[in-house]
Structure formats: C-alpha cells, structure tokens
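Me: I have a structure open here and I'm new to it. Can we go through it piece by piece?

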Amino acid sequence: MRRAPTAHDVTLLLQAWGDGDKEALDRLAPLIYRELHILAKRFMSRERRDHTLQATALVNETYLRLVDIHQANWQDRAHFFAICARAMRQILVDHVRSRGSIKRGGGQQPLQLEEALVMAESPYSKLLELDDALNRLAALDQRKSRVVELRFFGGLSVEETAEALKTSPETVMRDWKMAKAWLHRELGDNQNGA
Amino acid sequence: MEPERWSKIEGLYQAALERDKSARDAFLANACAGDDALRREVESLLAHDEQAGNFLETPAIEIAAEALALENSDLPSAAERGQRLAQTTVSHYRIREKLGGGGMGVVYKAEDAALGRSVALKFLPDEFSRDPRKLERFRREAWAASSLNHPNICTIYEIGEHEGRLFIAMELVEGQTLAEKLKAGPLPIEEATDISRQIGEALEEAHEHNIVHRDLKPANVMVTPKGRVKILDFGLAKLVRPVEPDAPTEEIALKTQVGTVMGTVPYMAPEQLRGEPVDTRADLYALGGVLYEMATGQRPFPETQTNRLIADILTTLPRPPRELNSQVPAELETVVLKALTKEPSGRYQSARELLVDLGAPSTATQRALPTARKVALHPAPVRRTAMILLVVGIGLAILASLVLFLVPAVRRHFITAPSVSQGLPSKKQLAVLPFSVIGGAPGDNAFSRGLAETLAAKLTQISAGHSLQVVPVSDLAAQHVETARQAQKVFGVNLVLTGSLERAGDRVRISYALVDPSTDRQLNAKILTLAASDPFGIEDQVVEGSAGMLGLAVQSAQRREVESHGTQAADAFQEYLKGLGYLQNYERTENIDKAIGSFQSALKVDSTYTLAYAALGQAYWRKYGTTENTAWVDRAQESCGHAVTLNPKLAATHLCLGIMESGTGQYAQAIGEFKKVLDIEPTSTFAYEGLADAQYHLKKFREAEATYRRAISIRPNYWAPYNWLAVLYFNIGDTEKAAEMFRKVTKLAPENHQAFYNLGAADFMLGQWHEAEEMLKRSVAIHPNATAYSNLGTVIFYEGRFQQSVGYFEKAVQLKPKDPMLWGNLGDAYKWTPSDASKARAAYLKAAALARDGLRVNPSSSGLLGDLALYEAHISDFKHAMQHLGKALSLSPKDVQLMYYGAIVYHLSGQKTQSLHYLRKALNSGYPVQAVRADPEWRVLKNDPAFQGLIATNKH
C-alpha cells in the first residue's frame with residue numbers, strides 16, 4: 001500500500017490555490033516533486049520496455065494519481081483544468097530553475113567546456129526558454145498561450161483544453177498548431193525533442 | 001505587435017495551411033501584395049509548422065522526469081560499488097571475493113544461498129544500466145545465450161539486477177584463461193588441438209542455435225585444471241559496445257576499437273572489421289587465430305599498432321605456423337590457414353567441418369555422452385509425433401485481425417431509409433472492390449485500394465441497422481478477391497460495388513456501379529469528375545453516392561462528421577489512402593515499405609494525423625511479421641501509443657494498441673483497449689475478435705464465447721466470427737461444436753481454403769481421417785497453403801505413410817519457412833522415414849530456434865512454449881524441455897495438445913509414469929485415441945500393460 005500524495009490532497013490544495021491561497025502551491029510542490037521522482041525512477045528502471053509507450057502510460061497514471069476531479073467540489077471543470085495546468089507549469093519551472101542552479105554549481109567552479117555544452121542542450125534549459133517564450137506569446141495572443149499551457153504543462157487532451165477555454169476542439173487544434181510553429185521559431189532550431 | 005497585425009498574420013497562416021502546398025506561394029504573393037514583411041512572417045511560420053514534428057508533443061512532466069532520471073543516473077562509480085559489494089548480499093547470492101574486472105564488467109565469486117553452490121557474478125559496466133535500449137537488448141541476448149547448454153560453454157544461471165545494475169549469475173569455472181596460459185609461450189600440439197576441439201564443439205552447439213560469439217579470444221576461454229574448456233560471454237560481445245538503434249553493430253565496434261585499446265581486433269575477421277554482417281564463420285576465423293597462437297605462441301598478425309594491425313588483417317597473409325614452430329604438423333597448419341582465410345566463403349563453413357579436419361569424433365557419439373544415462377532407458381529414437389495438430393487457427397486469429405478499421409468513427413450519422421431502391425435484396429451483403437485505374441500515375445493503384453478500404457469502412461459504419469453487411473476490404477485482399485464473381489464465391493455477397501478511376505490532367509473521373517454478382521448486371525451507376533487535388537471530395541462524393549445507391553440516406557445534421565477524414569491536409573490524406581492500399585497487399589514485402597513511406601509522408605504534412613500514426617503502427621507490425629525482427633514491434637507500439645495520445649477518442653488508436661498488446665502477450669491491457677474500441681464503435685468486428693482472443697488467452701473461455709456470439713449476432717452472414725468461435729471450441733477441446741461451426745463456415749464461404757483446412761483439422765480430431773484428408777485436399781486445391789499441406793502431412797503420417805508425409809511437410813516448410821511447428825512436423829516425418837532419418841535433428845533444431853525467436857516477442861505463448869519443449873525433448877535437452885513444458889501447462893492447463901506434448905516429452909526422457917499420467921489426461925480431455933495408436937513414438941510401449949490399458953479404456 002502506498003500512502004502518498006493522494007489525489008484528494010492534491011485536489012484540495014489546487015482548489016485552495018485557485019481560491020487565492022498562495023502558500024498552497026508551496027505545499028503542493030513537494031507532492032508533485034515526489035511524483036516526479038517516482039516517474040523518473042520508473043523511467044530508469046527495467047520495467048520500461050518501450051520508451052514512448054510506457055512513458056505515456058506512466059505520465060497518464062501520474063496525472064490520474066495527482067488529480068482526481070471527482071473528489072473535488074469544482075463547480076467548474078474548466079476552471080479546475082486551468083488551475084491544474086497553471087500549477088503544474090509553475091512547479092515544474094521552479095523545479096527546473098532550482099536544478100539548473102545546483103547543476104551550474106553556484107559559482108564554485110567554472111564549467112568545463114564539454115559540460116557547458118551539455119547544459120545548453122539539456123531539457124532543463126529548454127523548459128525555461130519555453131516558459132519565457134510562452135510569456136511573450138501571451139502578450140500577443142492570450143488564448144494560444146493558454147492552449148500550450150493546458151496541453152503541454154497540464155497534459156490535457158484537445159477536448160479537455162477546448163472545455164477549459166470554452167471553445168471548440170477545432171479552434172484548439174488550430175491554435176495549437178500555430179502556437180507550436182511560433183514557439184518552434186522562437187526557440188531556434190532543432191527542438192524536436194522537447 | 002499590433003493586435004490587427006497579429007490577426008492578419010494568423011488569418012493568412014490558417015488560410016495558407018488549408019491550401020495545397022503547391023498553391024500557397026501564389027496565394028501569399030497575392031494576399032500580401034506589397035507587404036513583404038507580412039509575407040515573410042507567414043512563410044516563416046509555415047516553415048516552422050512543417051519542422052515542428054513532435055515538438056511539444058511530450059508533456060512537460062515527462063521531460064522533467066526524464067531529465068531527473070538522467071541526473072540520478074550519476075550514481076556511485078563501479079569502483080565504489082565494488083568496495084561496497086565485497087561484503088554484501090545480492091539477491092540470493094552472498095558475495096565472497098572479487099575475481100577480476102575488465103571491459104565486460106567486474107566479476108565476483110559468490111555463493112548461491114538458495115542452492116548452496118558457488119557461482120560467478122558478473123556486473124555489467126555502468127553505461128549499460130543507464131540506457132534502457134541497451135538493457136533490453138542485453139536481456140534478450142543474455143537470455144538467448146542462457147539457453148545454451150553444453151559442457152564447453154559456461155552456463156548462465158540467471159540474469160538479475162541489483163541496485164539498478166544488471167548482473168549475470170553463471171557457472172563458476174576454476175582454472176585460468178587461455179590468455180594467461182599463453183603468456184608462457186606455445187602449448188604442446190596435443191593440448192592445443194584438444195582445446196581447439198572443445199572450442200569447436202561449443203561453437204557448433206551455439207551456431208546451431210543461431211548464436212554467434214563475435215568475440216572469441218584467449219581471454220574468453222577458460223581452461224580448468226583437468227583440461228576442460230569453458231567459453232565465456234557467448235553472444236554478449238556485440239552488446240558491450242555502444243549501440244545506436246539503426247547503425248550496424250560491427251561498424252560501431254570498430255570505431256571504439258580503433259580509438260581505444262586493442263581489445264579484440266587481433267581475432268576479428270576481416271568482414272567484421274569492415275563492418276559487414278557477421279555470421280558463424282567469423283567465429284571460425286577467430287578459432288583459427290586462437291589455434292594459431294596456441295601452436296606458435298604468437299598471434300597471426302603480431303602488429304601492435306591498431307591501424308596497421310587492421311590493415312594487415314585485411315590485406316596480408318599470416319606467416320605459416322610451421323615457419324614459427326617446426327613441431328606443428330602439416331595437417332594442423334592447413335586447418336589453421338583455412339580457418340584464417342579472408343573470404344568467409346573460403347573458410348570452413350561450419351564448426352563441424354573444422355572439427356572433422358581436426359580429427360574429432362562424429363557428432364553423434366559426442367553428443368550421446370552427457371545424457372547417456374537417461375537415454376539408455378529407452379533405446380534410440382524417441383520422439384513425438386508429427387502430429388501437429390493443427391494450425392487450426394491458433395495464432396492466426398490475431399494476425400488475421402490485424403487489419404484495422406482505420407476510419408474515424410461515424411456511427412449512426414446516416415439513418416437507414418425505409419426501403420428505397422428497388423431491385424436490392426433485403427439482406428444486403430456487399431463487397432467493395434478496388435476501383436480499377438485507367439492510365440494513371442504511380443501510386444494511383446494504391447490510392448484506389450485505400451479509397452475502397454475507407455469507403456467500405458464508412459459504409460459499414462453507416463449501416464447501423466444491420467440490413468447491410470460490408471466485407472472488410474482487408475479480408476478481400478487476404479483472399480485475393482479481384483472480381484465480383486470471386487467475391488460472391490468466397491464471401492457469399494449479393495452486391496458488389498466496383499468502379500474505375502481515370503486521370504485527365506488535373507481532373508479525375510470516377511465511375512462506379514453497384515453490381516449483382518450472380519448476373520454481373522449493373523443495378524445502378526454514377527460518374528463523377530473532380531479535381532485530382534481534392535481527395536476529400538472524391539471520397540465524400542463516392543461515399544454519399546454509394547450510400548444513395550444502397551438506399552441509405554445521410555442526415556444533414558451529421559454530414560460534417562461523416563465527412564471527417566482525420567486531417568485537413570489533402571496531401572496527407574492522399575498519402576494515407578495510398579498507404580492503406582499498399583498495406584492491403586502486404587504479402588509483397590516491398591509494399592510494406594511503401595506503406596511505411598506513405599504514412600510517414602502523411603505525417604510529415606500533418607503531424608497530428610492520428611489515423612496515420614495508427615496505420616503506421618500497423619505497417620510496422622506487418623514489417624515485424626515479415627522480417628521477424630523485434631525492433632519493429634517497438635516501433636509499432638511507439639506509433640500506436642502516439643496515436644492514442646493524440647486522440648484517445650478515436651477507435652482506431654485503441655485497436656492499434658490492443659493488437660500490439662495482444663501480440664506481445666499483454667492480454668489484460670489488450671482487453672482494456674478493445675473494450676474502449678467497442679465503447680466508441682460498438683459494431684467493430686475487429687474489436688470483438690481481438691477482445692475474445694485476449695479473453696481466450698486469459699482463459700476466460702465463457703467470456704470469449706459470449707464475445708464471439710455477440711459478433712455473430714451483429715453480422716450473422718459473415719463467416720469469420722463463426723470461424724473464430726469454432727477455433728475457440730477447438731482449442732478448449734469441444735471438437736464436436738468446433739466441427740459444427742467450421743462446417744457453417746464452409747457453407748457461408750465455399751471458396752475459402754481456410755474453412756476447409758479447419759474443418760479437416762476438426763474431422764481429424766474426431767477420428768474421421770478419411771473426411772479430414774478430403775477436406776484438406778480441397779483446401780490445397782483452392783489455394784496451395786502451408787497449413788493444409790502440413791495437416792495433410794499429419795493425417796498421412798498417422799496413417800503410417802511416413803515417406804509420403806515428408807513430401808507434404810516439405811511443401812509446407814517451403815511456403816512458410818519461419819513456422820517452428822512446420823519444421824517440427826518435418827522432423828517427425830524425417831525421423832520415421834529410414835532414408836531421411838539423418839535430417840531429423842537439423843529440422844528439430846531449426847524448429848526450436850524458431851520457437852525461441854517467437855517467444856522473445858511473446859514470452860507467454862503457451863503454444864510456442866509447448867512446441868519448444870517438444871523439440872528440445874527431441875534433441876535430448878530434457879532440462880529445458882521440462883521447464884518449458886511446465887510453464888506452458890501452467891499457462892494453459894486445459895490445452896489438450898499440451899497434455900499430449902507432456903506425455904511425449906516425458907516419454908522421450910524415459911519417465912514412463914509421468915508420461916502415462918499426461919497421456920491419460922490428454923485422452924480423458926478428448927485427445928483422439930486413434931492418433932495415439934498411430935503415433936510411432938509409442939511403438940516401444942506397444943506391449944506395455946499400463947499403456948495398453950489406457951488405450952483400451954479410451955475408445956472414442
């Protein structure tokens with residue numbers, strides 16, 4: 001039996017955060033990190049036969065464990081989706097920032113050339129760049145930025161994203177496609193991995 | 001940027017996307033007239049849209065977790081762990097001392113607490129444990145190597161994991177390596193010859209299992225104080241090196257070798273150094289090198305600088321050993337130099353040839369030794385029967401179902417109009433034939449086939465009222481149906497939709513007609529002329545037109561959904577249809593590659609085209625089916641998985657995943673996927689088939705039966721569900737019901753060769769051999785096929801005409817060379833045909849190797865496990881035979897065939913009580929007593945009272 005962030009905990013915290021309780025996010029973060037570690041561990045472990053397929057299943061499972069919409073008193077599913085994606089974005093970006101600074105060594109030693117190259121290419125730095133670019137996109141086109149937030153950070157499907165934004169799936173697909181093209185350009189070449 | 005500007009950009013961008021690529025330039029030039037900046041902006045976004053590929057398609061949390069995983073793999077170094085390990089327990093092993101370390105990792109002496117024996121534990125280098133691909137590959141190879149059981153091969157007991165590191169537990173060999181021995185100079189000729197002989201024996205055994213060592217060298221050869229040779233690291237060599245998924249292994253091996261230490265280059269064959277494919281002859285080359293060194297005290301090419309060494313190996317001849325050591329006999333020199341020939345074709349072609357020249361005794365005597373005691377119990381040849389009962393469908397079901405319903409769900413968007421057209425039968429059975437292509441460009445044929453497939457699928461979805469049954473195009477293709485008459489004969493249809501497609505400039509003219517196949521009379525016909533660049537229009541109009549001809553009406557409110565194609569890009573759709581068309585004729589392997597190419601092109605145009613991902617998964621799966629290379633399974637799963645992520649509400653994505661899961665033995669998950677398909681698309685025959693098959697494998701027989709019955713009730717005149725149900729009955733031993741169902745199938749589809757071989761199999765099981773033979777001959781007459789030939793051989797075999805059965809089995813093997821069972825049958829026939837008896841062992845070995853290959857993909861296939869056990873018993877590898885038999889029976893305890901296998905396996909190993917126990921079980925569960933009587937394996941027990949008693953009490 002694992003006792004660990006239950007879906008209930010997370011849902012309540014999300015709700016509190018959505019209602020303006022700033023500290024809720026701080027309490028939420030460790031729970032998400034824990035899931036992140038579990039996920040990372042399973043990525044490394046041998047049960048992972050097929051990269052993409054398993055990863056996808058694991059990620060879905062993680063989301064399911066984290067957020068159980070049925071347990072919450074959300075009058076508005078759409079609102080819940082939005083809050084959830086926003087929280088995920090903040091927590092992940094914070095996480096990446098903190099990892100990045102540890103890695104960079106807090107001014108201890110200058111990086112070796114090889115290591116520096118690795119850092120520049122790391123998924124971490126990509127996530128940070130993406131976060132910045134997404135803010136710029138929001139200034140141009142709020143809805144497209146939110147589509148990306150909901151889908152990429154929130155892990156929502158096209159339909160759920162449409163529900164959250166109170167628009168049609170077709171619009172979401174169009175927004176998603178154009179936002180991807182725009183962000184792809186903003187982040188420079190060779191971003192296929194992110 | 002001004003909001004107006006942005007919305008202008010967006011408007012143009014979206015409008016351009018809706019246009020064909022070729023038309024975009026003109027469109028933008030016109031729309032942006034005078035505003036170059038605007039045009040550049042839109043163009044650059046379009047360009048990035050194309051490049052975006054999978055960009056952002058992986059959720060952020062997965063990326064973060066991946067990064068974290070990467071970071072966490074910076075674990076303590078091997079040395080640190082080694083320290084720690086020294087007093088540790090690993091799994092059920094107590095580590096005693098460190099024995100050594102090297103490129104292949106660190107080795108410890110340990111004690112197996114469970115079995116109280118000493119073992120060697122080898123921990124693999126860190127780089128392995130980090131890369132899941134390598135790990136997986138390693139496991140597969142190590143597993144294969146662990147199946148080797150030979151006195152000169154170091155036995156692998158277990159492949160395990162400790163703190164994220166892989167280890168291999170293996171036989172602890174006391175002694176020194178040949179490399180250590182050779183430090184003291186050349187060996188006495190007699191000893192050198194003896195060691196070579198033992199190495200040769202080991203290689204022969206491994207090569208028979210298709211395992212190539214690839215890194216044979218003195219350091220991998222242990223010699224015990226008593227002079228027994230044990231070869232280490234079989235089959236592992238190619239794994240140690242960095243492996244890129246697609247790059248040829250040897251090429252990479254060379255790269256690392258050149259840059260780093262000499263490693264094993266001195267013993268590598270020229271073709272291996274050149275990065276060419278390597279086979280068993282490379283090992284024989286290496287053996288030549290090792291023998292050279294034992295005889296002369298130096299390597300064939302003594303150069304120590306790597307680049308020059310490689311050049312020497314590739315271009316120069318080694319000095320004759322006798323120049324270095326005059327004691328070397330001339331014959332031995334000949335053997336060495338022949339083994340070291342640069343061209344593989346000039347070398348020994350098998351270990352046996354080399355052994356013969358070394359003066360080794362023949363295989364038979366060699367091999368009898370290790371098992372002599374057991375074998376002595378029953379003289380000579382013992383084995384099982386050729387009976388291979390049939391292929392009745394086992395294993396066919398899921399392959400046959402592969403053809404996916406790759407069309408977006410349309411469900412009830414049409415309603416059935418109350419009897420519109422006159423002259424149509426009340427119960428419509430329709431086949432849609434591919435439209436013939438007049439003139440036309442390359443790919444038009446495939447396009448036309450793909451069009452027919454989606455047309456048939458959409459008509460199926462429209463026909464919710466069951467008044468119309470549409471035969472899946474994939475079934476037509478599988479039966480090679482090309483004409484209306486054939487469709488009527490094979491599938492019993494009473495309507496055929498057929499047509500033609502003709503290109504004229506940028507227009508396409510399509511004429512299509514509804515035909516009565518019994519008279520070839522056209523009941524209705526239409527002609528359309530459309531823009532060639534508009535495949536959507538083509539499909540929509542043909543669907544609507546034919547729906548009208550069939551008396552089905554479209555509700556306008558649902559028209560939009562009916563006309564959904566899963567993409568908005570015409571190019572993508574066109575490629576997708578072509579891909580489907582190619583895939584219909586997957587029997588021609590180049591078509592699979594073409595299909596893969598088409599789906600990939602479709603995805604290049606529209607990376608969110610879910611159906612194309614699902615179809616691509618299917619194409620990869622087919623590729624696996626023809627190449628049997630399991631790398632394609634991974635790709636197939638990846639593709640289906642991606643499709644599900646893109647759009648889980650599409651039935652095709654779950655079907656795709658379900659089929660892969662079922663095909664790889666994950667039945668519980670497969671059931672989940674098939675149920676999802678049925679939620680979305682409740683009439684999908686494919687999903688019923690897959691669901692029932694998975695239920696069957698989980699031994700939920702009643703549920704499987706109910707599922708098939710549901711499929712029958714949905715399409716009562718479609719023969720396939722009856723066939724599936726029959727196969728189920730057959731497999732659970734209810735042969736009479738099975739025969740009844742098979743007979744129905746032959747009535748519904750009198751030209752279907754499968755129907756006849758299945759009925760033949762059931763008749764055989766019921767003891768009606770004469771009928772069985774007749775049905776099987778009808779099957780072969782309709783369409784020569786491996787299954788019917790094999791079964792025919794089986795019947796003839798049981799009738800005691802062994803020599804005649806050889807001919808049938810050989811035909812079967814020719815038609816289907818990768819089916820283990822067919823080879824096993826052939827082995828049986830050889831065995832009992834005096835003039836061919838010497839060929840039997842090779843056939844069984846081949847059968848066992850193929851069964852093992854199959855198990856790598858689907859480790860929980862009880863059928864394959866049972867087959868493997870049988871073949872192993874046949875080659876006297878009883879240890880593995882028992883293991884595999886036990887596993888098979890625990891998976892499928894009710895499988896009559898397995899019980900009989902059990903009887904044979906124990907019989908062969910000389911354990912009569914156990915053998916008769918299984919024989920009794922098999923007979924009580926319906927195994928035909930006639931077949932037991934006729935099986936020559938039991939001849940030795942002919943006069944045994946216990947055996948006699950069993951036969952006498954089972955008279956059916």
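Me: How many helices and strands are there in chain A?
Reply: Chain A has nine helices and zero strands. Helices here are DSSP runs of H or I with at least four residues, strands are runs of E with at least two, and both are numbered from the N terminus. Read from the N terminus, the elements of chain A go α-α-α-α-α-α-α-α-α.

Me: What kind of model is this, and how are things numbered?
Reply: This is a predicted model, in which local features need pLDDT of at least 70, side-chain atom pairs count only at pLDDT 80 or more, and totals for chains, interfaces and linings use all residues. Residues are numbered from 1 along each chain as its sequence is written, while chains are lettered from A and ligands numbered from 1 in the order in which they are written.

Me: What percentage of chain A is buried?
Reply: Of the 194 residues in chain A, 38% are buried. Buried means that 20 or more other C-beta atoms lie within 10 Å of the residue's own; exposed means 12 or fewer, partly exposed is in between, and the C-beta atoms are placed from the backbone.

Me: Over to chain B. Is strand β11 covered or open?
Reply: β11(B), residues 428-432, is mostly covered, with five of its five residues buried.

Me: Which way do its residues point?
Reply: K428(B), L430(B) and V432(B) point one way from β11(B), and Q429(B) and A431(B) point the other way. In a regular strand, side chains alternate between the two faces of the sheet.

Me: Which strands does β11(B) pair with?
Reply: One is β13(B), residues 468-471, joined to β11(B) by four bridges and running parallel. Q429(B) stands opposite Q469(B) there. Another is β14(B), residues 495-504, which pairs with β11(B) in the parallel sense over three bridges; V432(B) has L497(B) as its bridge partner in β14(B). Two strands count as paired if DSSP finds at least two bridges between them.

Me: What about antiparallel pairs?
Reply: Strand β15(B), residues 507-516, and strand β16(B), residues 521-531, run antiparallel and are joined by ten bridges. A513(B) stands opposite A525(B) in β16(B). The two strands form a hairpin with four residues between them, and D520(B) in the turn has a positive phi of about 60 degrees.

Me: And the sheet with β7, β8 and β9 of chain B: what order are the strands in?
Reply: The order is β7-β8-β9 in an open sheet of three strands, with antiparallel pairing. The edge strands are β7(B), 176-177, and β9(B), 229-231, each pairing on one side only. β8(B), residues 221-223, pairs with β9(B) over three bridges, and M222(B) has K230(B) as its bridge partner.

Me: Helices now. How many residues of α13(B) are buried?
Reply: 17 of the 17 residues are buried, so α13(B) is largely enclosed by the rest of the structure. From its first C-alpha to its last, α13(B) reaches 25 Å, close to the 24 Å expected at 1.5 Å a residue. The expected span is 1.5 Å times one less than the number of residues. G297(B) follows α13(B) and has a positive phi, near 85 degrees.

Me: At what angle do α13(B) and α16(B) cross?
Reply: The axes of α13(B), residues 280-296, and α16(B), residues 330-339, cross at roughly 140 degrees and come within 7 Å. That makes α13(B) oblique to α16(B). Axes are lines fitted to C-alpha atoms, for helices over the stretch in contact, and angles run from 0 to 180 degrees between N-to-C directions. Angles under 35 degrees count as roughly parallel, over 145 as roughly antiparallel, 65 to 115 as roughly perpendicular and the rest as oblique.

Me: And α32(B) with α33(B)?
Reply: The axes of α32(B), residues 701-714, and α33(B), residues 719-731, come within 9 Å and cross at roughly 165 degrees. That makes α32(B) roughly antiparallel to α33(B).

Me: Which residues of α42(B) are buried?
Reply: F878(B), A881(B), H884(B), L885(B), A888(B) and L889(B) are buried. They cover an arc of only 130 degrees around the axis, which puts them on the same side of α42(B). The arc is that of the directions from the helix axis to the C-beta atoms. On the other side of α42(B), K879(B) and S890(B) are exposed.

Me: Last one: how far apart are E50(B) and S607(B)?
Reply: They are 557 residues apart in sequence and 8.3 Å apart in space, C-alpha to C-alpha. E50(B) lies in helix α3(B), residues 36-51, and counts as partly exposed because it has 15 C-beta neighbours inside 10 Å.
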